[in-house]
Amino acid sequence: MKKTTKAAAFAALLCLSTGAVSAGAASAQSVPGSENDTPVSRGEYVSRLGDCVACHTALHGTAFSGGLKINTPVGAIYSTNITPDKETGIGNYTLADFTRALREGIRKDGSTMYPAMPYPSFARMSDADIAALYEYFMHGVKPVHAPNRAVEIPWPMSMRWPLSIWRAMYAPSPKPMNTQEGSDSVERGEYLVTGPGHCGSCHTPRGIGMQEKAMDGSGGPVYLSGGAPIDNWIAPSLRDDPIQGIGKWSEDDIFLFLKTGRIDHSAVFGGMADVVGWSTQHWTDSDLRATAKYLKSLPTVPVEQRPAKDASATTQLLQSGNTASNAGADIYLKQCAICHRSDGGGVNRMFPPLDGNPVVVSDNPTSLVNVVTYGGILPPTNWAPSAVAMPGYHRLLNDQQIADVVNFIRNGWSNQSKGTVSAADVQKLRTTGAPVSSAGWNTSSQGWMAYVPQPYGAGWTFSPETHSGVDENQ
């Protein structure tokens with residue numbers, strides 16, 4: 001799918017874009033422990049934890065009525081109607097049916113769901129949270145008559161019975177976790193990240209069967225080590241990696257990022273914009289703090305040691321203005337430096353820095369190519385109401401020029417990136433929507449064991465459409 005429909009979409013952890021206010025502001029009714037706390041309002045809050053609305057609402061559609069396109073390596077599927085409509089939704093589900101669907105991925109008719117539904121994570125959800133969520137969907141959501149769309153997967157891949165084999169091989173047995181609400185403990189954070197928050201669905205690489213290679217910290221350094229491109233945005237590492245992860249982030253950074261979508265050295269992008277806009281900005285402060293504590297409690301992962309690089313050489317080149325002999329530097333000076341500055345430092349909470357930015361130096365450059373090509377928008381959230389936009393350059397710069405400036409940024413200042421983006425890479429992304437190939441770039445090693453995050457290339461993932469920057473109504 002061409003990315004022209006995303007021209008004002010979402011920027012990058014490096015350039016711009018974040019979740020829109022979306023789906024209504026946070027209210028006391030959706031916060032546990034408020035004076036208006038009821039089973040329905042508690043369920044509404046749990047739906048925020050699981051970000052149910054973002055996936056189960058089509059672009060420009062009605063909340064929870066399904067229809068959002070989710071691309072997979074074998075074809076497109078569409079999210080289902082989860083309103084209490086008895087004909088097209090889940091109005092006939094009992095609590096037992098609902099629980100089985102969430103934890104085991106089995107529909108009321110006994111068929112298995114596609115694992116784009118993160119039931120392997122929801123297998124950890126507590127009985128209380130599932131019961132509250134059921135009350136919300138049955139009594140707090142308006143029924144919408146909207147028939148579900150058929151999958152666009154060719155036969156025989158479209159047959160559902162093999163999904164039961166997948167479920168038996170890869171889906172964990174339900175093991176509900178019970179944590180103390182209102183606690184900002186590491187245990188609460190683990191529940192949120194590995195359970196309703198299902199962070200690993202995007203941020204953990206998938207194996208040969210499209211399964212997450214690890215479901216929690218016990219899975220080793222691969223857990224939350226970064227996923228494949230989703231809608232041409234990279235889900236970066238959430239591990240304590242100072243180069244490509246959040247090793248340099250504090251707990252306060254994580255808290256503020258999830259609450260507002262922006263901090264001094266980063267901003268949300270792509271699908272994460274929907275997560276902040278529809279989900280995490282509505283979480284309680286204690287749940288955000290717990291999440292930050294858990295992420296920072298994960299063991300440090302081994303990283304490749306690189307010699308330090310003097311950032312001043314790039315800054316001096318740009319400040320001198322003598323860039324005519326360096327195509328990438330010349331484009332950066334004329335088009336980028338006004339916002340991201342000659343030192344690559346950006347502007348706090350407006351234009352993220354490019355020097356040392358994890359997405360810039362990622363082994364997969366798709367996000368950077370995407371944002372330079374199509375631009376992005378940093379929409380307002382309830383807690384950061386300003387909006388900032390970055391233009392796309394696909395009409396001003398040709399494919400080679402985009403490749404030149406991307407390569408300059410990826411190796412400018414203190415940045416040291418692997419691989420080189422070619423004009424052909426940019427042309428392919430621009431015309432076919434295919435992510436930049438990172439074959440041979442993203443092979444990591446640990447001792448005697450080598451692993452490649454995605455077994456069949458950069459597109460081996462689930463890619464839901466993203467609302468932010470596209471669907472203003474949401």
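Q: Buried, exposed or partly exposed: which one is Arg289?
A: This is a predicted model, and in it Arg289 has a relative accessible area of 30%. Buried would take under 20% and exposed over 50%, so Arg289 comes out as partly exposed.

Q: How many residues apart in sequence are the parts that Asp252 and Arg289 tie together?
A: The two side chains meet in a salt bridge, 2.6 Å from N to O. Asp252 sits in helix α9 (residues 251–260) and Arg289 in helix α11 (residues 285–297), so the parts they tie together are separated in sequence by 37 residues.

Q: Which helix holds the salt-bridge partner of Arg103?
A: Arg103 pairs up with Asp127, with the closest N and O atoms 2.5 Å apart. Arg103 itself belongs to helix α3 (residues 95–104), while Asp127 is in helix α5.

Q: How do α1 and α5 sit relative to each other: roughly parallel, antiparallel, perpendicular or oblique?
A: Helix α1 (residues 39–50) packs on helix α5 (residues 127–139) at about 105 degrees, their axes 7 Å apart. Angles from 65 to 115 degrees get one label, so this pair is roughly perpendicular.

Q: How many charged residues are in the contact of α1 with α5?
A: Arg42 and Glu44 of α1 are among the contact residues, as are Asp129 and Glu135 of α5. Alongside six nonpolar and three polar residues, the charged ones number four.

Q: Which residue of β2 is the bridge partner of Asn71?
A: Strands β1 (residues 69–72) and β2 (residues 75–78) run antiparallel and are joined by four bridges, with a hairpin of two residues linking them. Within that pairing, Asn71 bridges to Ala76.

Notes
Residues are numbered from 1 along each chain as its sequence is written. This is a predicted model: local features need pLDDT of at least 70, side-chain atom pairs count only at pLDDT 80 or more; totals for chains, interfaces and linings use all residues. Side-chain values use heavy atoms; hydrogens and water are left out. Axes are lines fitted to C-alpha atoms, for helices over the stretch in contact, and angles run from 0 to 180 degrees between N-to-C directions. Angles under 35 degrees count as roughly parallel, over 145 as roughly antiparallel, 65 to 115 as roughly perpendicular and the rest as oblique. Contact means heavy atoms within 4.5 Å. Ala, Val, Leu, Ile, Met, Phe, Trp, Tyr, Cys and Pro count as nonpolar, Asp, Glu, Lys and Arg as charged, and the others, Gly among them, as polar. Two strands pair if DSSP finds at least two bridges between them. A salt bridge is a side-chain nitrogen of Lys or Arg within 4 Å of a carboxyl oxygen of Asp or Glu. Buried means under 20% relative accessible area, exposed over 50%, partly exposed in between (1.4 Å probe, protein chains only).
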